[in-house]
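Let's take a friendly tour of a protein and the small molecule that comes with it. Have the 3D view open as you read.

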Amino acid sequence: MFNLSVALLSLAIFAAAAPPRLATCSGGRTTAHAACCKWFDVMDDIQANLFDGGECGEEMHESLRLTFHDAIGFSPALFRQGKFGGGGADGSIMHHADIETVFHANNGIDGIVEVQRPFAIKHGVSFGDFIQFAGAVGMSNCPGAPRLEFLAGRANFSLPSPDLLVPEPSDSVTSIIARMGDAGFSPAEIVDLLASHSTAAQDHVDPTIPGHPFDSTPGQFDSNFFIETLLKGDVIPGNGINVGEAMSPLQGEVRLQSDALLARDPRTACEWQSLITDQARLQSRFRAAMAKLATLGQVRSLLTDCSDVIPVPAALKKTPTLPAGKTMADIEAACKATPFPSLSADPGPPTSVAPVPPS
Ligand code: HEM
Ligand SMILES: *[C@@H]1O[C@H](CO)[C@@H](O)[C@H](O)[C@H]1NC(C)=O
């Protein structure tokens with residue numbers, strides 16, 4: 001008995017002390033699962049040839065949007081009515097681009113679908129995996145971003161998603177909460193996902209001003225989006241206030257109507273405000289919500305965790321501030337439960353935002 005305990009104890013100590021077995025892949029890089037090695041090669045290719053050498057620029061923004069528009073095609077409510085509700089993060093937006101990219105809410109998404117497709121085919125990975133991988137690698141190019149989870153192993157088969165599952169910027173908060181709730185997201189998780197609009201621009205809400213971003217720093221994953229959406233809107237950019245658009249606080253910036261409303265609605269305002277001065281919380285909440293998004297319609301336990309392939313993003317160099325020319329009096333605070341954090345303004349002339357350069 002004594003000997004057995006000693007043996008078990010030493011086994012336990014050995015197991016705890018033994019380094020994890022890592023697979024060594026091309027370039028001497030390591031991952032927990034040999035099956036993940038091929039993703040290093042995919043990454044090298046897309047960093048060089050899709051993301052222009054590792055930028056947090058237009059292709060990254062489009063690739064991040066694509067992770068959402070593929071995955072959100074998933075409706076348990078439709079299945080309950082005996083209809084096909086979509087396969088979620090299954091690559092259907094690429095397999096059935098002819099059907100899905102003409103959905104109104106997918107306006108402009110065809111470009112990135114066609115740019116990504118040859119990369120997926122060349123590397124022999126499923127469309128569903130590729131879309132989520134490109135989003136996670138692209139996000140790592142944005143300073144301030146969390147290192148997103150990436151699970152591999154989605155089947156390379158899908159049926160077309162039904163139409164009307166992707167939220168529109170002209171939708172009410174109630175309808176966005178209902179649609180996202182059907183897919184499994186709480187109102188707070190909708191807000192968390194919208195941190196994506198920190199690295200984002202519009203091309204089609206107002207087509208006369210392509211590349212106009214939703215915050216002043218579209219090349220960084222920071223809280224400026226959550227601050228700037230709460231500033232009083234007094235600028236009419238481009239050709240006027242279009243469907244799904246609201247007045248913006250800064251020259252060169254576009255505000256979506258849905259973002260304006262979600263920032264101020266009692267159901268979402270407190271989560272919105274909570275992400276302004278707590279970058280660690282912003283990162284962890286976005287990471288968790290993106291992990292859920294990327295596996296909609298999938299069985300997590302059947303996928304392989306290749307997250308250790310994703311690079312660790314750089315940290316932000318600056319704490320949150322108001323744009324130059326603004327004061328705390330310009331903030332339309334909407335969370336009743338907690339006071340709005342006190343922010344100082346950047347120095348200099350009023351901030352004017354430059355468009356994201358087209359590639
Ligand atoms: C309430 C839900 C949402 C609505 C109504 C919405 C709406 C929009 C609209 C209208 C655009 C501009 C598209 C264009 O004109 O080119 C856009 C861009 C974008 N969205 Fe969303 N979105 C939502 C949620 C999300 C989520 C959950 C993600 C990702 C996880 C996301 C990521 C992006 C990105 C990265 C862009 C920028 C694309 C680019 O710069 O090319 N959005 N969104
Ligand atoms: C996935 O399906 C597409 C056709 O829809 C095909 O072109 C591609 O080669 C397939 N990829 C794999 C890994 O089977």
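## Before we start

A residue counts as near a molecule if one of its heavy atoms lies within 4 Å of that molecule. Keep in mind, too, that this is a predicted model.

## Around the ligand

How many residues surround ligand 1? There are 25 of them, and the closest are Ser 196, His 197, Ala 201, Asp 203 and His 204. The ligand takes up the space of the largest pocket.

Which parts of the fold build this shell? Helix 3 gives the largest share, with 5 residues.

## Polar contacts with the ligand

Now zoom in on some polar atoms. His 197 uses its side chain: one of its polar atoms there sits 2.9 Å from a nitrogen atom of ligand 1.

With His 204, look at the backbone instead, where a polar atom is 2.7 Å from an oxygen atom of ligand 1. Val 205 also has a polar backbone atom 3.4 Å from an oxygen atom of ligand 1.

## The nonpolar core

In soluble globular proteins, nonpolar side chains tend to be buried together. Here, the largest nonpolar core has 84 residues. Trp 39, Ile 46, Phe 133, Met 139, Phe 185, Phe 226 and Trp 272 have the most contacts inside this core. Helix 8 (residues 127-139) gives the most to the core, with 8 residues.

Take a closer look at Trp 39. Setting aside neighbours within four places in sequence, Trp 39 touches residues including Val 125, Phe 130, Phe 133 and Val 309. Asp 129 and Cys 306 are also among its contacts.

How values were computed:
Residues are numbered from 1 along each chain as its sequence is written. Chains are lettered from A and ligands numbered from 1 in the order in which they are written. This is a predicted model: local features need pLDDT of at least 70, side-chain atom pairs count only at pLDDT 80 or more; totals for chains, interfaces and linings use all residues. Side-chain values use heavy atoms; hydrogens and water are left out. A nonpolar core is a set of buried Ala, Val, Leu, Ile, Met, Phe, Trp, Tyr and Cys residues joined through side-chain atoms within 4.5 Å. Buried means under 20% relative accessible area, exposed over 50%, partly exposed in between (1.4 Å probe, protein chains only). Helices (H or I, at least four residues) and strands (E, at least two) are DSSP runs, numbered from the N terminus. Contact means heavy atoms within 4.5 Å. A polar contact is a pair of N or O atoms within 3.5 Å; within protein, one must be able to donate a hydrogen and the other to accept it, and residues adjacent in sequence count only if both atoms are side-chain atoms. On a 1 Å grid over the protein atoms alone, a cavity is a set of points where a 1.4 Å probe fits but cannot get out, and a pocket is an open set with protein on both sides within 12 Å along at least five of seven lines; lining residues have an atom within 4 Å of a point. A molecule sits in a cavity or pocket if more than half of its atoms lie within 2 Å of its grid points.
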